[in-house]
Amino acid sequence: MSSRFDAGIKPSEITPESVFMSRRTVLAAAVACGLVPSAMTAAATIPADGAFPDLKTWPDSTTEKQASFKDITTYNNFYEFGTDKGDPAVNAHTLKTSPWSVEVTGQCGKPGTLTLEDILKPHALEERVYRHRCVEAWSMVIPWVGFPLADLLKRFEPASGAKYVQFFTLADKQQMPGVRYPVLQWPYREGLTIAEAMHPLTLATVGLYGKVLPNQNGAPLRIVIPWKYGFKGAKSVVRIHFTDRQPQTSWNMSAPSEYGFYSNVNPERPHPRWSQAKERRLGGGLLSGTIATKIFNGYGDQVAQLYQGLDLIQNY
Amino acid sequence: MTRSLLVIKTLVFCACLAPFVLLVLRAFEIGGLDLGADPKAEVLKTCGMTGLNLLMLTLCVTPIRRATGINRLVTLRRMLGLFSFFYLCVHFLTYIGLYIEFDWSMLLEDIGKRPYITVGFTALMLMVPLAVTSTNGFQRRLGRRWVKLHRLVYVIATLAVVHYWWQVKLDVSDPLLYAVLLAGLFSARIAHWRATARKRGASVDAKAAMAPTYQRVEPP
């Protein structure tokens with residue numbers, strides 16, 4: 001069954017780092033000679049002034065009305081900082097995002113620990129406007145800043161047996177007051193099939209609205225999977241783990257009948273306690289109508305093929 | 001009605017209305033107020049919580065009256081109960097109007113399939129006869145039956161707490177608080193009923209025990 005979610009990438013097809021690096025050398029030389037505009041030399045960093053310069057624009061961004069910066073940054077589910085939507089904005093200032101490192105473990109050729117700087121350096125950041133659908137039936141349109149997660153994962157040379165990727169969020173009682181309460185099993189963990197993780201829509205995210213990601217939104221590095229319910233995207237990621245087995249995910253561990261491994265946005269599959277047929281699009285005001293939720297959050301044309309032959313009601 | 005009671009009733013009335021006034025100010029963004037990112041959810045939650053709080057306060061009146069001996073407190077009970085009903089009606093109308101948008105088939109589906117809605121809807125429906133018969137006239141006409149009917153409030157409060165409990169995602173610490181409060185209010189009543197039963201029994205015993213003494217002491 002797991003083979004169904006093969007990324008379709010053989011280890012041999014993944015660019016070896018030596019080749020990858022030599023390309024970079026060529027590119028660097030090309031830039032030096034003025035042959036290639038410098039914006040193409042992806043050398044992303046977290047900017048000191050908080051605003052990303054020279055963001056690429058992604059052509060497929062939705063043109064729907066974006067949620068306000070205020071709404072995006074004050075209405076958050078990030079239980080490590082409290083279970084109220086307003087808690088993270090109030091409490092997340094204690095999170096220390098620099099220095100930050102991410103541990104890479106499991107079935108891959110290049111495990112190890114990378115600093116955030118190392119992670120970002122080879123990539124070009126772009127702004128992507130995605131629809132964000134929460135399992136609680138509200139949604140926002142958010143201009144994220146990031147780069148395809150696939151580009152990052154390829155650098156670790158996933159083994160052919162690595163069918164899944166698991167993500168772990170920091171769980172530090174000192175920095176995260178909510179971790180003192182056992183509402184979820186800490187550390188928060190989430191997982192994707194390797195095909196989902198490698199999908200070009202899956203975004204390694206470091207910012208929003210052209211600015212460095214605020215702590216309450218999962219700084220300094222979070223995952224965004226726009227066709228899945230929001231909780232699938234791990235925030236403040238400190239570990240990436242490649243595995244051959246379907247990994248544990250925090251919400252599934254606490255309420256398996258309510259939150260499945262896939263958690264694809266699906267209006268046909270109600271949450272056991274509420275309908276998922278409609279959503280409240282935030283930013284429209286009190287009396288704005290709800291909108292009909294679309295299968296895969298409207299990204300079906302790009303992702304439906306990942307789930308061919310899979311019963312989406314059974315595999316919720 | 002004494003003047004002090006009138007003052008107290010007026011103050012309680014204003015206090016009960018205040019959350020609604022605040023909600024209206026927030027809805028119209030008056031005075032720099034707003035309903036936050038998710039206004040529909042905010043109205044739903046505020047009305048639900050205010051209604052539940054007032055229901056709990058309504059149930060506090062009798063134990064406090066018994067403990068303090070201030071019997072006139074009972075005159076506040078109806079107002080608190082009716083305000084609770086008012087907020088829970090707005091809560092329900094918010095759900096009907098802003099969540100399911102008058103989609104009646106959706107309403108039936110929710111009531112049939114989603115236990116927390118079944119329970120909440122039942123609780124609200126059970127409040128209707130209590131609100132209707134809350135007048136002095138009905139109280140007089142129904143007599144002892146009125147007391148029996150209004151014991152429904154215990155069922156309503158239990159259903160309301162269950163409704164709250166079942167709709168939270170994970171962190172049940174707040175509904176737990178309400179469950180504990182409700183259990184406290186119930187035990188206060190059970191203790192009172194036991195004590196009155198004992199007193200009744202004791203007074204019968206005491207009469208029996210005192211009878212000979214009484215006869216002996218009684219001088220001619």
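This briefing looks at a predicted model with a chain A and a chain B, moving from confidence to strands, loops and helices. In chain A, five strands form an open sheet with mixed pairing. In chain B, helix 3 crosses helix 5 with axes that come within 11 Å, and the axes of helix 2 and helix 3 come within 8 Å.

**Confidence in chain A**

- Chain A has a mean pLDDT of 90, and 87% of its residues reach 70 or more.
- Over residues 1–7 of chain A the pLDDT stays under 50, and the model has 11 contacts beyond four places in sequence for this stretch.
- Residues 30–40 of chain A also have a pLDDT below 50, and this stretch has eight contacts in the model beyond near neighbours in sequence.
- Where pLDDT is low, the predicted coordinates should not be read in detail.

**The sheet of chain A**

- The order of the five strands across the open sheet is 3-2-11-6-7, and the pairing is mixed.
- Strand 3 (112–115) and strand 7 (189–193) stand at the edges with a single partner strand each, so one side of each is left without a neighbour in the sheet.
- Direction ignored, neighbouring strands of this sheet are turned by 20 degrees against each other on average.
- Strands of a sheet pair through backbone hydrogen bonds, either parallel or antiparallel.
- Strand 2 (residues 101–106) of chain A pairs with strand 11 (residues 237–243) of chain A in the parallel sense over four bridges, and Thr105(A) has His241(A) in strand 11 as its bridge partner.
- Strand 2 of chain A also pairs with strand 3 of chain A, in the antiparallel sense and over four bridges, with Val102(A) standing opposite Leu114(A) in strand 3.
- Strand 6 (residues 164–169) of chain A pairs with strand 11 of chain A in the antiparallel sense over six bridges, and here the bridge partner of Phe168(A) is Arg239(A) in strand 11.

**Backbone details in the loops of chain A**

- Ser98(A) and Pro99(A) are joined by a cis peptide bond with omega of about 0 degrees, and Pro99(A) is found in the loop between helix 3 (87–91) and strand 2 of chain A.
- Trp186(A) and Pro187(A) are joined by a cis peptide bond with omega of about -5 degrees, and Pro187(A) is found in the loop between strand 6 and strand 7 of chain A.
- Glu157(A), which lies in the loop between helix 5 (149–155) and strand 6 of chain A, has a phi near 50 degrees, a positive value in a residue other than glycine.

**Helix packing in chain B**

- Two packed helices are described by the angle between their axes and the distance between the axes.
- The axes of helix 2 (residues 39–68) and helix 3 of chain B cross at roughly 160 degrees, and these two helices are therefore roughly antiparallel to each other.
- The crossing of helix 2 and helix 3 of chain B is left-handed, and their contact has 17 nonpolar, eight polar and three charged residues.
- The axes of helix 3 (residues 74–99) and helix 5 (residues 115–132) of chain B cross at roughly 140 degrees, and these two helices are therefore oblique to each other.
- The crossing of helix 3 and helix 5 of chain B is left-handed.
- Gly81(B), Leu82(B), Phe85(B), Leu88(B) and Phe92(B) in helix 3 meet Leu124(B), Met127(B), Leu130(B) and Ala131(B) in helix 5 of chain B, and this contact has eight nonpolar, one polar and no charged residues.

**Where the chains meet**

- The contact takes 16 residues from chain A and 15 residues from chain B.
- The side of chain A that touches chain B has seven nonpolar, six polar and three charged residues.

Definitions and conventions:
Residues are numbered from 1 along each chain as its sequence is written. Chains are lettered from A and ligands numbered from 1 in the order in which they are written. This is a predicted model: local features need pLDDT of at least 70, side-chain atom pairs count only at pLDDT 80 or more; totals for chains, interfaces and linings use all residues. Two residues are in contact if their C-beta atoms, placed from the backbone, lie within 7 Å. Ala, Val, Leu, Ile, Met, Phe, Trp, Tyr, Cys and Pro count as nonpolar, Asp, Glu, Lys and Arg as charged, and the others, Gly among them, as polar. pLDDT is the predictor's confidence in each residue, from 0 to 100. Axes are lines fitted to C-alpha atoms, for helices over the stretch in contact, and angles run from 0 to 180 degrees between N-to-C directions. Angles under 35 degrees count as roughly parallel, over 145 as roughly antiparallel, 65 to 115 as roughly perpendicular and the rest as oblique. A crossing is left-handed if the near helix is turned anticlockwise from the far one by less than a right angle, and right-handed if clockwise. Two strands pair if DSSP finds at least two bridges between them.
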